[in-house]
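Dear colleague,

My notes on what was found in it follow directly below.

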Amino acid sequence: YAAAPDWPQGVRDGIDGLFGFFAAEPAAASVAIVDAFTAGPQGLEGGDQTIWAFHLFLQPGLELRPEATPLVSEAVGNAIYSLVYGQIRRGRVERMRELTPTATFVALAPYAGATLACTVANA
C-alpha cells in the first residue's frame, strides 16, 4: 500500500496483499473473519475493528471526494468484509485473490468515481 505510486493503486495493492495473505493462511482468515461471530462480544469487537481499519485505509479518498461521510468508508468496509466472509464460508479461501478487482472497485468508486475505479480494479 505505502509503496504504490498513488492512492488508488495503493488501495488495490493493499487489498491484494490482504487477500494473498488470507489465501496463504486459510486458518488465520477463518479465525479473523468467520470465527469472530462465534467468539462472543470480544470476537465481534475484533470484526468491528477490522471494518473500521478501512477508515484509515480510505482516508485519502476524502481528498477526492470531501463530501463523503464516515458512513461511506463504513459501508465499503462492510461490503468487502462480506465478500471475504462469503469466500471463506464457501470453502474458496485459496481463491481469495480473485476478489481483488471487485473489492478494489467497491473501495474506490465512492471516492474516485466508477471510471477510475474500474481502470485500477482491472489493471
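Which residues of the largest nonpolar core touch the most other members? They are I15, F19, L58, I80, V84, I88 and M96, in a core of 27 residues. Several helices contribute to this core: α1 (7–24), α2 (26–34), α3 (40–58), α5, α6 (100–112) and α7 (114–121) each supply at least two of its residues. Please bear in mind throughout that the model is a predicted one.

Overall composition

The protein contains 7 helices and 0 strands. Of the 123 residues, 39% are buried. The accessible surface amounts to about 6,600 Å², and carbon and sulfur atoms account for 60% of that area. As for contacts between residues at least 6 apart in sequence, 65% of them join residues at least 24 apart.

One member of the core in detail

V84 is among the core residues that touch the most other members. With its neighbours within four places in sequence set aside, V84 is in contact with F19, F22, I33, M96 and L99. Two of these partners, F19 and M96, are themselves listed among the core residues that touch the most other members.

How the helices pack

On the α6 side, the residues involved are P101, T104, F105, L108, A109 and A112, and they meet A114, L116, A117, C118, V120 and A121 of α7.

Helix α6 also packs against α1, at an angle of about 145° and with the axes 9 Å apart. The crossing of α1 and α6 is right-handed. Here W7, P8, V11, R12, I15, D16 and F19 of α1 meet T100, P101, A103, T104, A107, L108 and Y111 of α6. I15 and F19, which take part in this meeting of helices, are also among the core residues that touch the most other members.

The axes of α1 and α2 come within 5 Å of each other and cross at roughly 115°. This angle makes α1 roughly perpendicular to α2. F21, F22, A23 and A24 of α1 form the contact with P26, A28, A29 and I33 of α2.

Is S73 buried or exposed? S73, which lies in helix α5, has a relative accessible area of 5% and is buried, because buried means under 20%. Apart from its neighbours within four places in sequence, S73 is in contact with F54, H55, L58 and Y111. S73 and P110 are 37 residues apart in sequence, while their C-alpha atoms are 8.8 Å apart in space.

At 36% relative accessibility, N78 counts as partly exposed. N78 and F54 are 24 residues apart in sequence and 9.1 Å apart in space, again from C-alpha to C-alpha. F54 is also one of the residues in contact with S73.

Conventions. Residues numbered from 1 in each chain as written. Predicted model: local features only at pLDDT ≥ 70, side-chain atom pairs only at ≥ 80, totals over all residues. Heavy atoms only, no water. Helix = DSSP H or I, 4+ residues; strand = E, 2+ residues; numbered from the N terminus. Buried < 20%, exposed > 50% of the residue type's maximum accessible area, 1.4 Å probe, protein only. Contact = heavy atoms within 4.5 Å. Areas by Shrake-Rupley, 256 points an atom, 1.4 Å probe, with all protein chains shown as cover. Core = buried A, V, L, I, M, F, W, Y, C linked by side-chain atoms within 4.5 Å. Axes fitted to C-alpha atoms, helices over the stretch in contact; angles between N-to-C directions. Left-handed = near helix turned anticlockwise from the far one by under 90°. Parallel < 35°, antiparallel > 145°, perpendicular 65-115°, else oblique.
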